[in-house]
Structures are given as structure tokens and as C-alpha cells.
Amino acid sequence: MPDNVRIAVDAMSGDQGPQVVVPAVLCFLEQNKASKVFLVGDQDILEALLLSERERYPAYKSLSARLEIISAQSIVTMEDKPSLLLRRKPDSSMAIALSLVRDGTAHACVSAGNTGALMVLGRSMLGMFPGIDRPAITKMFPSQGGGCLVLDLGANVDSSAEHLMQFALMGQFLAEVIKRKPQASVALLNVGGESIKGNEQVRLAETLIKESEAINYIGFAEGGDIFRAKADVLVCDGFVGNVALKSAEGAANIILQGVSEFFDRNWFSRLLGRLLLPMMRNALAQLDPQTHNGAMFLGLNGVLVKSHGAASAEAFQHAIGLAEQEARAELPALINQALEEIL
């Protein structure tokens, strides 16, 4: 377990780039006294933004001692073809941030950039766990049972039955570490609970998963089961998982907006809000996508966290915090060790 976690942050990717990343990094360093951040991107832009933020932090000098700018000459855009990035943009902020993890300079990498590019570069530069063909994006959804890990959330739009079985293995091991359960339960996301339901890919995946003695498989689950704690892990391909994630985020935003509007209608509702909101705050925070930003690329020989491209500074700070927690717990090494014992 590293005492001083070092995190490489791709400062240039995402919808707002360094304008969001720089304040997020400073807030993170202010709250995490033993961490260091490598800010990767355009040096002139980053230095100017840091200077503009200086007055907000009385302890800026001590914060800057744990902050290092690493110059990068290019940026990975949403239009870039992932398969060509290593050859055409080896000097991008995303590639350089990942290289810091590969070389052992940093313990983790955070980026809000192109998901496909992150997967291709992460797989090429960090390498994969033995026996795992593709990385999967996963995060914890709030549920009645203390959270449900869902994977894949968009790294692989098309996944074979073998890939889904590998996702199930990795997800179960991760859930056992995070939730501290001796044997986490796994379900396949499907259109129904009956064995005859679903497409050929899902039914074949179920056959493979049932044959694995290492997987604590409990059957099919439906979309609503993500929040009902039917299983600790729900497995699906990236197309289905990404739709589920975006749908949940959209529903959460509508609920949060509706609650805010209700408590701001008139003097009585505002008074009611003062009485009820303190009790509702924790429950509402579980629905707020901003407080749950950040998803892990599972299957890579290193910690790589994907932030939402449109994340605010507060949300991006949560993604950095997630990377710090995973690096401190040495999650890739723990999962890799568990996989080596069965694959």
C-alpha cells in the first residue's frame, strides 16, 4: 500500500478541459495531504490557470509543492480514431498521463477524455490481466443493499459470451474487496428472469458462467434490479450498460430538479424544506451523478479512472478521489492475484 499516492491527471480532455481540472486538483490536494498530482497538458495554459486560482488557497505554496506540470503537445479529441492514436498522437496529454502509470512514476491516471481512446491506449500501454481479453468500465450504483457494481458501462459496445464471463469474474473479485464480502453474488442483466429470455449472446454467457465454479452466479436480473440489490454485481455488454448509466443519470437529475423546485414554490414549501432537507440530504446525494463521478477501467495492470466528459470541478474531484482510493488499496494487484489462481 503506497504511503504517498501519486496521480497523473489528463488536464486537457473533457468538455471543459483544464478550466474544470485545475480547481478540482487544487481542492483534492487541499483535502489529501499525502497525495501528489502530475498535471499533464499545455504548460502555458495550466500555469496561467494555477496563477488565477492562487488567491483562493491560503496554503497554495504547500499545495504547489505536491503538484507538478508535465508538458504535452497535443490533445485527444472525440473525433480521433482510437486505433491510430499511438502513432499519430504519442505526445497527447492522455498518452503521457498513462505513460506515467506504466513507468511507475504515478500510481493512477484520471481522464475525462474519449472513452474508446482511453480503452485502446490503456490496453496498449498498461497491459491486461492474464486471461482477460478486454477491459471493462465499472462503477458502483447506489442500491438498497449498499451498492451494486455494473459492468461493462461502455468500453466494449459488442462483447462476446466469453467476455461477459470474464467481466463476471473481475466484477465479483472487485465487489468482494470493496464490499468486504467473502463471496459476492453475480447476475446477468437481461430482459427477463426466465431462462428462455434474452439474446443468444446472453444465454451462452449464462452457460459459461454456470460452468465456472469461481463465480457465485444467481441468475438473470432486469434493469430495475440494479437499485433493488438483487446482486452485488450485474454484468452486461457496454452498449446496454452505457444506456443504463445514462438513463439513471437522467432520472436522477429530473428527481433532484423536481425536489428543488418543490421546496422553492412558496413560503410554506421553503419552510418545509428547511425542516426536511437535512434528513433528505444523504438520500438525495446518493442520486446525484456529480457526487458519484468516476468509473474504473477493470482488467488493466494499473488504475485508470474515467470521469464524465461534462463533469464539473466538484465531480472531477470525486473522480480523482476514486483513483486515489483504488491506488491506495492496490486493487489491480488484488484482482490480478485472484484471477491467477483460477485462470
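How many aromatic pairs does the structure hold? I looked this up first, keeping in mind that the model is predicted, and I found that the structure holds one aromatic pair. I then checked where they sit: Phe141 belongs to strand β5 (residues 136–141), while Phe227 is in the loop between β8 (217–221) and β9 (233–235), so the pair ties together parts that are 86 residues apart in sequence.

Phe141 counts as buried, because its relative accessibility is 4%, which is under 20%. Phe227 has a relative accessible area of 37% and is therefore partly exposed.

**Entry on helix α7 and helix α8**

I turned next to helix α7 (residues 161–178) and helix α8 (residues 200–211), which pack at an angle of about 50 degrees, with 8 Å between their axes. That angle makes α7 oblique to α8, and I noted that the crossing of these two helices is right-handed. On the α7 side I listed Ala161, Glu162, Leu164, Met165 and Ala168, and these meet Gln201, Leu204, Ala205, Leu208 and Ile209 of α8. Sorted by class, the contact of α7 with α8 has eight nonpolar residues, one polar and one charged.

**Entry on α7 and α12**

I went on to the packing of α7 with α12, where the angle is about 125 degrees and the axes are 10 Å apart. From α7 I wrote down Leu169, Met170, Phe173, Leu174 and Val177, and from α12 Leu331, Leu334, Ile335, Ala338 and Leu339, as the residues that make the contact. By class, this contact of α7 with α12 has ten nonpolar residues, with no polar and no charged ones.

**Entry on the loop between β6 and α7**

Which residues does a cis peptide bond join? I found Leu151 and Asp152, with omega at about 15 degrees, and I placed Asp152 in the loop between β6 and α7.

Val157 is in the loop between β6 (148–151) and α7 as well. With a relative accessible area of 46%, Val157 is partly exposed, and, leaving aside residues up to four places away in sequence, Val157 touches Asp237, Gly238 and Phe239. I also looked up how far Val157 is from Leu49, which is 108 residues away along the chain, and I noted 37 Å between their C-alpha atoms.

**Entry on positive phi angles**

I looked at Arg180, which has a positive phi of about 55 degrees although it is not a glycine. Arg180 is placed in the loop between α7 and β7 (186–189), and with 78% relative accessibility it counts as exposed.

I then looked at Glu330, where phi is likewise positive, about 55 degrees, although this residue is not a glycine. Where does Glu330 have its place? I found Glu330 in the loop between α11 (313–329) and α12 (331–340), and at 37% relative accessibility Glu330 counts as partly exposed.

Key:
Residues are numbered from 1 along each chain as its sequence is written. This is a predicted model: local features need pLDDT of at least 70, side-chain atom pairs count only at pLDDT 80 or more; totals for chains, interfaces and linings use all residues. Side-chain values use heavy atoms; hydrogens and water are left out. Axes are lines fitted to C-alpha atoms, for helices over the stretch in contact, and angles run from 0 to 180 degrees between N-to-C directions. Helices (H or I, at least four residues) and strands (E, at least two) are DSSP runs, numbered from the N terminus. Angles under 35 degrees count as roughly parallel, over 145 as roughly antiparallel, 65 to 115 as roughly perpendicular and the rest as oblique. A crossing is left-handed if the near helix is turned anticlockwise from the far one by less than a right angle, and right-handed if clockwise. Contact means heavy atoms within 4.5 Å. Ala, Val, Leu, Ile, Met, Phe, Trp, Tyr, Cys and Pro count as nonpolar, Asp, Glu, Lys and Arg as charged, and the others, Gly among them, as polar. Buried means under 20% relative accessible area, exposed over 50%, partly exposed in between (1.4 Å probe, protein chains only). Rings of Phe, Tyr and Trp (its six-membered ring) pair if their centres lie within 6.5 Å; planes under 30 degrees apart count as stacked, over 60 as edge-to-face and the rest as tilted.
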